[in-house]
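Please have the sequence and the coordinates open while I speak.

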Amino acid sequence: MEFSHISVLLEETLDALDIKPDGIYVDCTCGGAGHSSEILKRLSAKGRLIAIDQDPDAIAIIKERIGGDGRVTVVHDNFSNLRKILDSLGIDRVDGVLADLGVSSHQLDTAERGFSFHNEAPLDMRMSQEGMTAADIVNTFSQRELTQIFRDYGEEKFAQRIAASIVAYREREEIKTTTVLAEIVKQAIPAATRRTGGHPARRVFQALRIRTNLELDRISETVGDMFDALNVGGRVAIITFHSLEDRIVKKAFASYCKGCECPPGCPVCVCGKTPEGSLPFKKVLPSEREIEENQRSRSATLRCVERIREKE
């Protein structure tokens with residue numbers, strides 16, 4: 001099986017993790033093992049890597065590419081189960097956690113996975129290849145629910161019009177393929193808007209992918225588990241690909257770095273709160289060269305937080 005994926009912000013992410021040769025590291029979204037392979041190069045024989053992915057296609061490739069390395073443990077699961085995974089392996093704390101929240105090139109380029117509006121395929125979009133599909137959502141959710149999905153997860157200003165068009169179409173026949181949905185969206189959007197801002201279905205497909213995989217729910221739940229799993233001096237590095245994800249990560253990281261909450265002008269701190277984390281940098285974006293070499297990196301943002309003390 002081919003599993004093509006260009007690792008985004010590769011060197012920047014490795015630098016952000018500040019890898020300790022004897023440390024324990026977790027790649028929560030191992031994919032094609034691009035980041036993981038480079039992490040292994042920086043680990044000594046005593047180091048350890050936990051490679052997690054929910055996609056069975058990715059797991060097969062991970063096992064093929066790095067699974068034979070004795071320092072690697074491959075886990076087929078969703079990263080939202082991070083604490084449970086570490087507990088099952090007898091690991092209390094780690095020295096670094098990485099999560100690349102983007103869709104892999106393999107998933108986008110494998111037409112039958114249904115992530116892309118460019119190729120005709122079943123409307124699937126499941127990263128785990130299990131559970132509810134995007135087709136289930138567009139064919140069964142109410143117009144109000146679809147409007148909310150497109151507005152909240154896709155920031156689509158024509159969400160209501162698109163949802164109404166979907167409901168009207170499915171009354172005649174079931175929406176089964178990516179190209180049918182893309183055409184419904186295209187026809188629902190005003191002609192003047194269609195000529196600007198890229199493919200008119202881009203935001204709707206993003207929204208459906210997020211809802212199908214419950215991506216934002218899992219991010220919100222799991223970032224705290226990632227930070228809590230760190231040793232002092234350990235770091236969490238997360239790569240996001242749209243503003244909704246980035247806002248969640250930014251807010252969470254900022255909360256770990258928050259200290260005294262006493263009112264301004266209070267002469268002595270009485271709350272006793274001190275930061276648990278610090279930000280090695282604000283954020284890192286891909287260089288112009290990387291964007292030229294890999295257009296899919298253009299919306300990537302890397303953020304990182306370091307644990308600086310134990311939780312009281």
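Predicted model: local features only at pLDDT ≥ 70, side-chain atom pairs only at ≥ 80, totals over all residues.

**Buried and exposed positions**

Let me begin with L14, which counts as buried because its relative accessibility is 1%. L14 is found in helix α1, which covers residues 10-17, and once residues up to four places away in sequence are set aside, L14 touches I19, H35, E38, I39 and R42.

T222 is another buried position, with a relative accessibility of 0%, and T222 lies in helix α12, residues 215-228. Which residues does T222 contact, leaving aside its neighbours within four places in sequence? They are F79, S80 and L82.

Q160, in helix α8, is by contrast exposed, since its relative accessible area is 52% and the cut-off for exposed is over 50%. Even so, Q160 touches Q143, T147 and R151, again not counting residues up to four places away in sequence. The C-alpha atoms of Q160 and T147 are separated by 5.0 Å, and these two residues are 13 apart along the chain.

**Two backbone angles**

Next come two phi values, and the background here is that most residues other than glycine have a negative phi. L9 has a positive phi of about 50° although it is not a glycine; L9 sits in the segment before α1 and is buried, with a relative accessible area of 0%. The other case is A33, whose phi is positive at about 70°, although A33 is not a glycine either. A33 belongs to the loop between β1 (24-27) and α2 (34-41), and with a relative accessible area of 1%, A33 is buried.

**Helix pairs**

I turn now to the way some of the helices cross, starting with α8, residues 159-170, and α9, residues 178-188, whose axes come within 9 Å and cross at roughly 130°. The two helices are therefore oblique to each other, and the crossing of α8 and α9 is right-handed. In this pair, R161, I162, S165, I166 and Y169 in α8 meet V180, L181, I184, V185 and A188 in α9. Sorted by class, the contact of α8 with α9 has 8 nonpolar, 1 polar and 1 charged residues.

How are α7 and α11 oriented to each other? The axes of α7, residues 143-154, and α11 come within 8 Å and cross at roughly 100°, and the helices are therefore roughly perpendicular to each other, given that 65 to 115 degrees is the range for that description. On the α7 side the contact is made by I149, F150, Y153 and G154, and on the α11 side by R203, V204, Q206, A207, L208, I210 and R211. These residues of α7 and α11 divide into 7 nonpolar, 2 polar and 2 charged.

Helix α11, residues 202-213, also pairs with α12, and here the axes come within 5 Å and cross at roughly 55°, which makes α11 oblique to α12. R209, I210 and N213 of α11 and E215, L216 and R218 of α12 make the contact, and by class the contact of α11 with α12 has 2 nonpolar, 1 polar and 3 charged residues. You will notice I210 in the α11 contact with α7 and again in the α11 contact with α12.

**Cysteines**

Finally, how many disulfides does the structure hold? The number is 0. For C28 the reason is distance, because the closest cysteine sulfur, in C30, is 10 Å from the sulfur of C28, too far for a bond, where the cut-off is 2.5 Å. C304 is likewise in no disulfide, the nearest cysteine sulfur, that of C257, being 9.9 Å away. Are these two cysteines buried or exposed? C28 is buried, with a relative accessible area of 2%, and C304 is buried too, with a relative accessible area of 0%.

Note on methods:
Residues numbered from 1 in each chain as written. Heavy atoms only, no water. Buried < 20%, exposed > 50% of the residue type's maximum accessible area, 1.4 Å probe, protein only. Axes fitted to C-alpha atoms, helices over the stretch in contact; angles between N-to-C directions. Helix = DSSP H or I, 4+ residues; strand = E, 2+ residues; numbered from the N terminus. Parallel < 35°, antiparallel > 145°, perpendicular 65-115°, else oblique. Left-handed = near helix turned anticlockwise from the far one by under 90°. Contact = heavy atoms within 4.5 Å. Nonpolar A, V, L, I, M, F, W, Y, C, P; charged D, E, K, R; others polar.
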